[in-house]
Amino acid sequence: MTEADHHLVASSRGRSSPHAFGQIILLAAGLVILTLISATSVYLVNKTREASRSTVHSMEVENEISLTQLQMRRAESAQRGFLLTQRPEFRHAFEEAASEIPPSFERLKALTIDNPYQQQRLDQIVPQTNQRIAHLRHNIELVQANRLAEATEMAQQEASRDAMGQIRSLANEMRAEEDRLFAARMKSADASQSLSAAVTSVGSGLIVVFAGLSIFLVRRSSRARDVAESQLRDNYLNLESTVESRTADLREANDEIQRFAYIVSHDLRSPLVNIMGFTSELDELRGDIFKRIATLSRPEGAPPPAADETAAEVEPVLEEPDKQLSQDFSEALGFIKSSIAKMDRLISAILNLTREGRREFHPDRIATRDLIENIASTMAHQAAEAGAQIRVEPLPDIVSDRLALEQIFSNLIDNALKYLKSDVPGDIAIRGRRKLGFAIFEITDNGRGIDPKDHQRIFDLFRRAGTQDRPGQGIGLAHVRALVRRLGGTMSVSSELGHGSTFTVTLPTAWTGINRDKQS
């Protein structure tokens, strides 16, 4: 590098340092000011909220005072009505109003616990009110005892003393105190709101200033951003090439796994065939062995079996230990045969899966309802035996792989028929709708249902859920979900035990032919 170049670099660094320092100072100042504005706004908002709560509190106290007075008036009116008519409904109305007064006083005490003035007034008004209620109740009892004259005289004496006037006076004093507190609290709330508005206005102005400075800084930094974007584009191109390389490696590994699964499954069948052959020979030998044992166990001098008996394929007569041994031998052979049959089915399923994985899917426009109705017609005999009906509702047409769709819906409808309830007529419905470029298909039945804890288990390979009283290897739903994923869709189940199941298959309405497993 020449001396001129060094000078150019040094001068550029000298220009950038003050700019960077100024940006830091500006950002720090903006942060401090915005923090102060935010803290002040939070404080004022809390203060305004507290003042609002206080005003609401004053209104609650006044409402409670008014409610207490209303109950007193109701009690007096009911008492007068009873004195005049002696009708029991007035007595009931009096007792109802009197029972509401003590809880109202308790609420007043709780609301004014922080106000000694109001507590002092309550200490005076509560006993006077209780005494007044007691007098009113005593008058009612006198009338019930046919002492009307005495009750009338007592009522006149109470009226001359104007007990209710004293109670009203105390209540008015409490209400006046709450009015004073309400006015003071409203004034405080208004002041807090005004100050909050002023702080907000100043803060808005400062934010506008900082926004202008930020725009200036952003425009000045655009060149650096362009350079960064150029570097990012270069990095992105490098990343794309890396992803393509990794995708090719992964695709090759996936193909290798499929080939390996095919070879292993194919090679497992050879020893399995030998085991099946030797098991059949053991089954034949079992008869000869136990016939010999029966012959050797026959007592000396016993007549040999008749010619027709020896010629016929009959079970030899064995002693009890030998008979138990024969049964154990037969049971062991049965277990071996059933295990061989299960292994054969699993190997066949693995071979089918590997063949399906190698098959290329091709997009085709499909009339979905016609396709599913054809599937339902092929299962009509199975549905009739199960006492079930298959209802196909209007379905959206899609572009997808025809064979894959046939396998998906055939498996789901077959599962629905397998696991219906024996005591309820089966009902299987297939419906669909469009949403945001996808077709959503629902296969609903009223069968046994699936425990929610098994909702994910049923999609695992060789895993089954619930009572295992139907034939199967636990491959169908795993294969269906794999097909759905290859078609760019998703699959889920909603079910509860005893309440049927709904399998939801979501597929793109216009599949492009790109398989998910080929992308990953």
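**Exercise 1. State the volume of the largest cavity and describe its lining.**

Step 1. The largest cavity has a volume of about 70 Å³. A cavity is a set of points on a 1 Å grid over the protein atoms alone where a 1.4 Å probe fits but cannot get out; grid points are joined across faces, edges and corners, and a volume is the space filled by probe spheres set on the points. The structure holds one cavity of 30 Å³ or more.

Step 2. This is a predicted model, in which local features need pLDDT of at least 70 and side-chain atom pairs count only at pLDDT 80 or more, while totals for chains, interfaces and linings use all residues. Residues are numbered from 1 along each chain as its sequence is written, and side-chain values use heavy atoms, with hydrogens and water left out.

Step 3. Lining residues have an atom within 4 Å of a point; among them are Ile65, Met72, Phe105, Leu122 and Met174. Two or more residues each come from α1 (3-85), α2 (88-111), α3 (116-144) and α5 (163-220), and α1 gives the most, with four residues. Helices (H or I, at least four residues) and strands (E, at least two) are DSSP runs, numbered from the N terminus.

Step 4. By class, the lining has nine nonpolar, three polar and no charged residues. Ala, Val, Leu, Ile, Met, Phe, Trp, Tyr, Cys and Pro count as nonpolar, Asp, Glu, Lys and Arg as charged, and the others, Gly among them, as polar.

**Exercise 2. Give the strand order of the open sheet and identify its edges.**

Step 1. The order of the five strands is β2-β4-β5-β7-β6, with mixed pairing. Two strands pair if DSSP finds at least two bridges between them.

Step 2. The edges are β2 (388-392) and β6 (490-495); each has a single partner strand, so one side of each is left without a neighbour in the sheet.

Step 3. β6 runs antiparallel to β7 (residues 501-508), joined by six bridges. Ser494 has Thr502 of β7 as its bridge partner.

**Exercise 3. Describe how helix α11 packs on the sheet and against helix α12.**

Step 1. On the sheet, α11 touches β2, β4, β5, β6 and β7 (contact means heavy atoms within 4.5 Å), and its direction makes about 20° with that of β5. Axes are lines fitted to C-alpha atoms, for helices over the stretch in contact, and angles run from 0 to 180 degrees between N-to-C directions.

Step 2. α11 (residues 402-418) and α12 (residues 476-486) pack at about 145°, with their axes 9 Å apart.

Step 3. Residues in this contact include Ile408 and Leu412 of α11 and Val480 and Leu483 of α12. The contact has seven nonpolar, five polar and no charged residues.

Note on methods. 1 Å grid on protein atoms, 1.4 Å probe; cavity = no way out; pocket = protein on both sides within 12 Å on 5 of 7 lines; lining within 4 Å.
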